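Here are my notes on this one, written as a numbered list. Keep the viewer open while you read and click on each residue as it comes up.

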Amino acid sequence: MNEINPQNSQNQNSQGQYQQGQYQQGQYQPIQQNQYYQPPQYNSQPPKKKKKPIYKKWWFWLIIVIVVIAVISSLGSSDDSTQSTDTTSSSISDIQDDTQESSEATEESTTKETTTKVTTTKETTTKKKIPAEYISAVRKAQIYSDNMYMSKQGIYDQLTSDYGEQFSKEAAKYAVEHIDADWNYNALQKAKTYQDQMAMSPSAIHDQLTSSYGEKFTKKQADYAIAHLND
């Protein structure tokens with residue numbers, strides 16, 4: 001038989017009391033058999049469905065159609081805008097041409113007006129410098145032309161005659177050069193006077209018109225009068 005060691009039995013009793021004290025205080029934790037073992041985890045979510053390719057979805061092809069229509073519309077509007085641009089460019093060109101022509105016309109008109117003003121100014125200046133005798137000679141010469149249908153030479157002689165107007169030769173020359181007279185018309189009116197009042201023949205009238213002692217018209221002026229005597 002084995003001998004019981006009193007010290008060992010005392011130790012076993014103390015250990016049993018210690019373990020019983022741990023059960024009573026709730027501090028006992030069971031020892032895990034395998035601390036590296038983990039139970040398997042299962043996915044509670046259902047499996048995901050596979051996505052269809054994007055080209056198999058209806059809205060993808062709808063977008064494609066809309067894009068194609070937009071491109072075609074933009075091309076059409078581009079052509080229209082090009083035509084509109086051409087039309088606008090043509091209109092602008094026409095307006096520029098009209099503006100240039102108007103500007104040229106305005107410049108021409110301005111030039112003419114300026115020339116007229118300069119000419120008028122020169123005439124006014126000239127009139128201011130004309131002697132009073134010259135002006136009187138012009139007025140008297142105009143009366144002889146309008147009322148008596150005298151020739152250029154006949155008026156000159158009448159203005160310078162000692163028995164006539166007694167103007168200077170310079171004043172008389174200036175006068176016959178500046179009156180408003182149609183010498184062919186004067187010759188014709190004088191020829192009709194000879195025909196109606198004196199019943200002279202065309203040949204006699206022609207001689208009277210060109211005579212240095214008569215009317216003193218030129219031969220060309222007398223020819224015109226005889227040619228139109230019966231008009």
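1. Let's begin with Lys216. Is Lys216 buried, exposed or something in between? Its relative accessibility is 27%, and because buried means under 20% and exposed over 50%, Lys216 counts as partly exposed. You'll find Lys216 in the loop between helix 7 and helix 8 (219–227). One more thing to check there: Lys216 has a positive phi of about 65°, although it is not a glycine. Keep in mind that this is a predicted model, so treat that angle as a computed value.

2. Ala199 is another residue to look at here: its phi is near 55°, a positive value in a residue other than glycine. Ala199 also sits in a loop, this one between helix 6 and helix 7. With a relative accessible area of 66%, Ala199 is over the 50% cut-off, so it is exposed.

3. Ala204 has a relative accessible area of 28%, so it is partly exposed.

4. Now zoom out. How many helices and strands does the chain have? There are 8 helices and 0 strands, so if you read the elements from the N terminus on, you get α-α-α-α-α-α-α-α. Of the 231 residues, 15% count as buried. The chain exposes about 19300 Å², and carbon and sulfur atoms supply 52% of that.

5. A word on contacts across the sequence. Take the contacts between residues at least 6 apart in sequence: 54% of them join residues at least 24 apart.

6. Next, the aromatic rings. A search of the whole structure turns up 2 aromatic pairs. In one of them, Tyr134 and Tyr174 have ring centres 5.2 Å apart and planes at 40°, so the pair is tilted. This pair links distant parts of the chain: Tyr134 is in helix 3 (residues 132–148) and Tyr174 in helix 5 (residues 169–178), 40 residues apart. Tyr174 has a relative accessibility of 21%, so it counts as partly exposed; the cut-off for buried is under 20%.

7. Then there is the pair of Tyr149 and Tyr185. Their ring centres are 6.2 Å apart and their planes are at 75°, which makes the pair edge-to-face, because that label needs an angle over 60 degrees. Tyr149 lies in the loop between helix 3 and helix 4 (152–160), while Tyr185 is in helix 6 (residues 183–198), so the pair ties together parts that are 36 residues apart in sequence. Both are partly exposed: Tyr149 has a relative accessible area of 25%, and Tyr185 comes out at 40%.

8. Last stop, the surface. Which residues make the nonpolar surface patch of about 450 Å²? They are Trp59, Ile63, Val67, Val71 and Leu75. Trp59 is found in helix 2 (residues 58–129). At 35% relative accessibility, Trp59 counts as partly exposed, and because patch members need over 30%, Trp59 can be part of the patch.

Conventions
Residues are numbered from 1 along each chain as its sequence is written. This is a predicted model: local features need pLDDT of at least 70, side-chain atom pairs count only at pLDDT 80 or more; totals for chains, interfaces and linings use all residues. Side-chain values use heavy atoms; hydrogens and water are left out. Buried means under 20% relative accessible area, exposed over 50%, partly exposed in between (1.4 Å probe, protein chains only). Patches are made of residues with over 30% relative accessible area and no salt bridge: like charges are joined within 9 Å, nonpolar side chains (Val, Leu, Ile, Met, Phe, Trp, Tyr) within 5 Å. Accessible areas come from the Shrake-Rupley method with a 1.4 Å probe; for residues, only the protein chains shown count as cover. A salt bridge is a side-chain nitrogen of Lys or Arg within 4 Å of a carboxyl oxygen of Asp or Glu. Helices (H or I, at least four residues) and strands (E, at least two) are DSSP runs, numbered from the N terminus. Rings of Phe, Tyr and Trp (its six-membered ring) pair if their centres lie within 6.5 Å; planes under 30 degrees apart count as stacked, over 60 as edge-to-face and the rest as tilted. Contact means heavy atoms within 4.5 Å.
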